[in-house]
Amino acid sequence: MRPSTPAVLVLEDGRVFRGSAYGAIGETLGEAVFVTAMSGYQETLTDPSYHRQIVIQTAPHIGNTGVNTDDDESVRFWVAGYVVRDASRISSNWRSQGDLETRLTDSGIVGISGVDTRALTLHLRDKGAMRMGIFSGPAADAGEAELLDKVLASPRMAGARLAEEVSITEPTLVPAQGEARFRVAAVDLGIKSMTPQRLSERGIDVHVLPATTTFEQISQLGVDGVFFSNGPGDPATADAQVDLLRQVLAARIPFFGICFGNQLLGRALGFGTYKLPFGHRGINVPVLDRTTDKVEITSQNHGFAVDAPLEGETVAPHDADFGRVTVSHVCLNDDVVEGLQCLDIPAFSVQFHPEAAAGPHDSSYLFDRFIDLMSATSSPQA
């Protein structure tokens, strides 16, 4: 490892942690979020949902398995910054093709190591998510008051419209593996590469489309279903995507959404969304599937949630023609809405990540549930 360079971490409430530079030297600003996963740091770093967020790893030892070209969930590292306690000095894994710190440096990701991430995480759980800055090298020489001013001048996540910043700009096709059974339009709001792969494995031609896609463009594809992906930012800003989804629902095209897509289905139906105190981020979040009464351990990454009644059926507040809606999944940690099921139109969504990269495979059945929905309402592709 290179010689240690001092670094400082400053939270918007004025709390300061000191450590050593990890990755690129300089400064970065973003929302502080903590991830409770014990593994999968490469998938975390390449998840577009972490755009403009500084990730704190609660697992103490990071970097020991190195990095490779197979586990990326997108074309780049999206995190705004990175915080770890113990950065591994070596990479020891048969799949490793390089070390994490070198890739962080090459990607321009400013990070810090040697931080008491347990204390930092407990602070965020107590005080709530907040803005943060990491400063290393010459940037760390300024006084704490000056660094705090920079943090306080940075934008908040609430009100941030970010899906268009991480989405592809041109449509791409992920062809079905084997015989094509269905055709799906997957609107990229920050999609992870494993998601179209999971659909492709089930015989689906996946047309991955930009966040700016219109209903007319989807209609021209003659798809059997529409999928909305995960993604960053405040769902309250995604008016264009909500309008698109309402057209999909009105046309009775089968719909499946995950994470950001769940929040947008909530908005399309007429429910509100709100910012969680510190969000759900990790691969060990327990969720009850009310349709089966089974508990799933899920992979999650979100800071906003849908404000919908937890009990009973509700007529969609936006449009009664959308019919009845029920909350299908609930988080067992805090009773947050984790899924919506439309009872009179072919649409459902979940707040977590069934593609599980990284994470458990408890929820992979949801892709099959989407196929069942399309089978009941659409004609398979020839």
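I call a residue buried when its relative accessible area is under 20%. With that cut-off, I found that buried residues make up 59% of the 382 residues in the protein chain. I kept in mind that this is a predicted model.

**Entry 1: the whole chain**

I looked at the overall build. The protein chain has 10 helices and 20 strands. Its C-alpha atoms fill a box of roughly 60 × 40 × 40 Å along the principal axes. I then checked the radius of gyration. A compact globule with 382 residues would have a value near 21 Å, and the protein chain has 21 Å, which agrees. I also looked up the contacts between residues at least 6 apart in sequence: 75% of them join residues at least 24 apart. The accessible surface comes to about 14900 Å². Carbon and sulfur atoms hold 49% of that surface.

**Entry 2: the active site**

Which residues does UniProt place under "active site"? The unreviewed entry gives C259, H353 and E355. These span 97 residues in sequence, yet no two of their C-alpha atoms are more than 11.4 Å apart, so they gather at one spot.

I took C259 next. It lies in the loop between β14 and α9. C259 is buried, with a relative accessible area of 2%. Leaving aside neighbours within four places in sequence, C259 is in contact with N230, N301, H302, V350, Q351, F352 and H353.

Then I turned to E355. It sits in the loop between β20 and α10. Is E355 buried or exposed? E355 is buried, at 0% relative accessible area. Not counting residues up to four places away in sequence, E355 touches K192, M194, T195, R198, I258 and F367.

**Entry 3: the binding site**

For "binding site", the unreviewed UniProt entry lists S49, G231, G233, F260, Q263, N301, G303 and F304. They are spread over 256 residues of sequence, but they cluster in space, with a largest C-alpha distance of 13.5 Å.

I followed two of them into strand β16. N301 lies in this strand, which covers residues 294-307. N301 is buried, with a relative accessible area of 4%. Its contacts beyond four places in sequence include S49, C259 and H353.

At 10% relative accessibility, G303 counts as buried. Beyond four places in sequence, G303 is in contact with Y274, K275, L276, G279 and R281.

I moved to the start of the chain. Strand β1 (residues 6-11) and strand β2 (residues 16-23) run antiparallel, joined by five bridges.

In β8, V110 is the bridge partner of G23.

**Entry 4: helix α3**

Which residues of α3 are buried? In this helix (residues 117-127), they are T117, L120, T121, H123 and L124. Seen down the axis, they fall within an arc of 155 degrees, so they line one face of the helix. On the other side, R118 and D126 are exposed. After α3 comes G128, whose phi is positive, near 95 degrees.

Conventions
Residues are numbered from 1 along each chain as its sequence is written. This is a predicted model: local features need pLDDT of at least 70, side-chain atom pairs count only at pLDDT 80 or more; totals for chains, interfaces and linings use all residues. Side-chain values use heavy atoms; hydrogens and water are left out. UniProt positions are given in the numbering used here, feature names are shortened, and annotations may be inferred rather than shown by experiment. Helices (H or I, at least four residues) and strands (E, at least two) are DSSP runs, numbered from the N terminus. Buried means under 20% relative accessible area, exposed over 50%, partly exposed in between (1.4 Å probe, protein chains only). Contact means heavy atoms within 4.5 Å. Two strands pair if DSSP finds at least two bridges between them. The radius of gyration is taken over C-alpha atoms; the globule rule is 2.2 Å times the number of residues to the power 0.38. Accessible areas come from the Shrake-Rupley method with a 1.4 Å probe; for residues, only the protein chains shown count as cover. The arc is that of the directions from the helix axis to the C-beta atoms.
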